[in-house]
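Some terms used for a protein model rest on cut-offs. The questions below ask what stands behind each term.

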Amino acid sequence: MPVSEPEKEPTGQLADGIFHLLLDNQYRVSEGGEQSKFNRYVIKAVSAKGLEYVSQISVSYDPSYERIAFHGIKVIRDGVEIDKTLDSQFSLDKSDSGNDLLYDGSLNAFWAVNDIRIGDVVEYSFTRFGQNPVFASTFTGSRTLQWQVPIHQQFLRVLWGKSTPLHFKMHNTEQSFTESRLGSETDYQLLVEQQPILTVSNDAAAWYEPYAKAEFSESKDWRAVVDWARPMFERQLDNSAALQSKIKQITEQTDDLDQQVMLALNFVQQDIRYLGIEIGSNSHFPAKASDTLAKRYGDCKDKSVLLIALLKGLGVEASPVLVNSQTGESLANKLPSAKSFNHAIIKAEINNKSYWFDPTLLYQQVALDAVYQPNYGYALVLEPGVDALEKMPAEHSGSKIVFAEAYDFSDGVAKPSIFTSKVTYSGYEARSKRAAIVDSGVQALSEQYAKYYDKIFNGLSINTPLQVTRDNTQGTLTISEDYLLKAPWTEGDDEGFTIYLYETQLSPYLSIPESLSQRALPLSYPLQIEGEIVVNLRDSNWSFTDETTKEDNPFFELVYQVAYNKKQHQLTLSYDYRTKVDRVEVEQLADYIAALKKVDSIDSYGIVDYPKATSAAATSEPIVADTLESVNRWVLLGTLMLFSIVYALVSLTMEAKSSHQSQFYPVSLVKFFILSVFSLGLYSAYWSYKNWQYIKYEKDRPDIWPVARAIFSPLWYYPLYLWLVVDRDQRESQPFLIPAWTAVFLFVGYLGYNSMSWESDWGNWDYLIPFIVFAPLVMYVNKINKLNTEAYLANSQWHARNWVFMVCMSPLLLYSAGQDVGLIAQDDIITGEELWSHDIDFMQQNKVFTENEMPVLFYSDDWLSNRSDGNGFTPETVFSYWVENDELQVASSPLSAVEDIEVDYANASEEAEVAEVTIHVEDGDEFVLYATTTDEKDKVFVKQLMQQWQSQREGNTAL
């Protein structure tokens, strides 16, 4: 097919300095099964980095069954084709195929093309003849159609000469092959143009394949694959004298069948080293069991055959199994194909129970029922009659971690402390730790752990060397550590000392994925982590809040508890985590991340000690009450505001005496906006004053009183606009000024806003509305002064008085904004949904109501913090709390236990701004709630409280 280029290169999506213009793959299969594949690549070098890629062509092949016919290389430069087939250096070398201890006989044909330049389009093609004879004449294949980089055109073709059908399956695309007859062959073609790119995050599951893809296979079902593979394994199960001798050696060690199986498995795993000589058909055809035993090496299929032979000699039925260690979870969605697998294991029946063994794994010297076996997803068991994939069980593929950490701070912050840790691993984690110990040694592992804790706790020494204990019966491995922490506490500025305790076993599994891309995530499953961190503290009046965090969702279940024993001065943090599934599907990703965010704070716990205080206090939560007197704060804030207003008035008077000539009063729109906000919208009145002052003196209107028109600027907005209209009409160019209907709309809206603003709370929008209304007039005045007159520059300049004014007004603005967003007390009755989560957490932790409750309505008359004062009710509980003598006082009662509710509304003649609601409890206690009378919200508060109370009473009556 001809090569084309897009009108515009997708430069933002390209990588490595190249642009793939064409990827062309064409298969031909004859009636007799002979196969060939034509490959054509057209690539453009778009930068210097791409020159290296396009000028080096490499083709690997196995000469034992393949032949390569290279058709040539050409370069298209400025529309001219240049033949580069002979203008290149050619070499033929052995492929570097020794990765992962697998060796084959592949050769690598290499061409280094001369004189390649940026902008060149390099095209080369070749045909590959032949197929690995191990597959006989069965044809199967697949092609990805979507990539992380753009490919302008893709062409895929299959010329099918067999009379048997060829099966196709498309993934993640609506495209399909066209079908036509070409002589005695069926011609299947697929052309893909400008396929959108797709990028998948590195943390996506290995089996997650969202890319568009085409599959084709001659195998009609999985039985055909079993019939192909099973004979290859069965014919290699011999019964040599060496095998008999090894079986006898095993049976002489023990009569227990379970132990005999483990001896055989450990022998194949440990004593038969992993090495694969996969030349030609040996890539899939296993060696004889006796040959593998004699050579003492083999790959996965060789080891599987040897293990099956040993187990059969022990009277155990076992079968080879084909799996894919990377994408096994997705096999069920694919066409049957012998090329779908990359690994071999076995399945055995022992005492009427199925076991799956991977003979290539190491460090499995444990009891039979404790053997770890990875879950490879779907597997194909090579037994007679099998015609479907089998899902591997997850029973033995998970992990369990049990940890116990203890800190002894009983001697206080000035002396060293003791830290001990004991962690027991099983399953995958146990095998992983056994591997780490074998690879690095106990000493290196001890140094690694000590270095980690040394960094956290500012220095330590090892009391007892790291100990490793193994329990082969349970399949567990335990690591014990014992350290002396020299100075773990950090001194603060307030004579307090702080230490943070970090949980290290669970937190890696609760990390929040960073990438925003959509993908499926793998989860460790089954995984169970449970443990405690116990902290012994010095004798003092510690203040800890017991708490329980429970998170139960489709992905995991987590229970986190904090408990303090006052008698023993002992703090305990406990954790219990269990996964429920092995994956997070794409559509579940947002829910999973939301679940993780709910528990993202449990990985550390802070303690503060005040050793010089008469009674020590320590907590991981913020201080309950504010220690500064609110009166002093109000005095300070009022003084600052009064100073700023006086200073501003003096400054404005000074500014009024400016000698700069202008038309009306030009000022930077940015300055107008900022000062409008900081003056709470009053700067627009000053701007009006300056313009009426201009009209009075420059237009000879002594009847105008600028101060009055500035004070009542909303009423005089439209007349000011009309003066600007007169000015515009007298100009030849007539600069743009908003039309009359817009001015009327703004005028009426501004009047309406001012009439309602005393009764309605507009929040921070109050400060922006005057700016929005006056901005069109400001822009017109600036335009007629051309933004460069001396008056404009002078008026727009920032003076010290402006900065002082803004600094002094900032506390009021911040306070108002904090009220609007709920960061501080709002002096209003609000719903529970309007409360911030940290305020709700504070109430739950201080037992105002239980952790499962949410306030229906809430009110605080504190000027700053909802934590200093508040009352309200949930569907089950009525409550009130306040700070007295720097201590939090809480009064609450279940609504079902309330005997009577007495309401004292404030009379119109009274100065009281709150209604008093007295709660009478059945046990004789009583406490008072307060509700603001603003907008008669106290009546709404009382009405809903009464409804909740009646609802609870009726519920109890029904019971």
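Terms and the values behind them

Leaving aside neighbours within four places in sequence, Tyr 407 is in contact with Ile 418, Phe 419, Phe 457, Leu 485, Leu 501, Ile 533, Val 534, Val 535 and Asn 536. The model is predicted.

Q: What makes Tyr 407 stand out in the largest nonpolar core?
A: The core has 56 residues, and Tyr 407 belongs, with Val 535, Phe 556, Leu 571 and Ile 607, to those that touch the most other members. Apart from this core lies another, of 50 residues, including Phe 267, Ile 308, Ala 344 and Val 386.

Q: Why is Trp 356 called buried?
A: The relative accessible area of Trp 356 is 8%, and buried means under 20%. Trp 356 therefore counts as buried. This residue is found in strand E21, residues 353-357. Beyond four places in sequence, the contacts of Trp 356 include Val 321, Ile 345, Gln 373, Val 381, Glu 390 and Met 392.

Q: Why is the pair of Phe 70 and Trp 111 called stacked?
A: A search of the whole structure finds 52 aromatic pairs. In the pair of Phe 70 and Trp 111 the centres are 3.9 Å apart and the planes 15 degrees apart. Ring centres must lie within 6.5 Å, and planes under 30 degrees apart count as stacked, so the term applies. Phe 70 is in strand E4 and Trp 111 in strand E8, 41 residues apart.

Q: Why is the pair of Phe 403 and Tyr 575 called tilted?
A: Phe 403 and Tyr 575 are 5.9 Å apart centre to centre, with 45 degrees between the planes. Stacked needs under 30 degrees and edge-to-face over 60, so the rest count as tilted. The pair links strand E24, which holds Phe 403, to strand E34, which holds Tyr 575, 172 residues apart. Phe 403 is buried at 3%, and Tyr 575 counts as buried at 4%.

Q: How do you know that the buried residues of H8 line one face of the helix?
A: Leu 445, Ser 446, Tyr 449, Ala 450 and Tyr 453 are buried in H8. Seen down the helix axis, the buried residues fall within an arc of 130 degrees, so they line one face. The face turned away from the buried side carries the exposed residues Gln 443, Gln 448, Lys 451 and Lys 455. The buried residues pack against E24, E25, helix H7, strand E26 and E27.

Q: How does the span of H8 compare with the expected value?
A: H8 has 15 residues and reaches 22 Å from its first C-alpha to its last, close to the 21 Å expected at 1.5 Å a residue.

Q: Why do E37 and E38 count as paired?
A: E37 and strand E38 pair in the antiparallel sense over two bridges, and the definition asks for at least two.

Methods. Residues numbered from 1 in each chain as written. Predicted model: local features only at pLDDT ≥ 70, side-chain atom pairs only at ≥ 80, totals over all residues. Heavy atoms only, no water. Helix = DSSP H or I, 4+ residues; strand = E, 2+ residues; numbered from the N terminus. Expected span 1.5 Å × (residues − 1). Buried < 20%, exposed > 50% of the residue type's maximum accessible area, 1.4 Å probe, protein only. Arc of directions from axis to C-beta. Contact = heavy atoms within 4.5 Å. Core = buried A, V, L, I, M, F, W, Y, C linked by side-chain atoms within 4.5 Å. Phe/Tyr/Trp six-rings, centres within 6.5 Å; stacked < 30°, edge-to-face > 60°.
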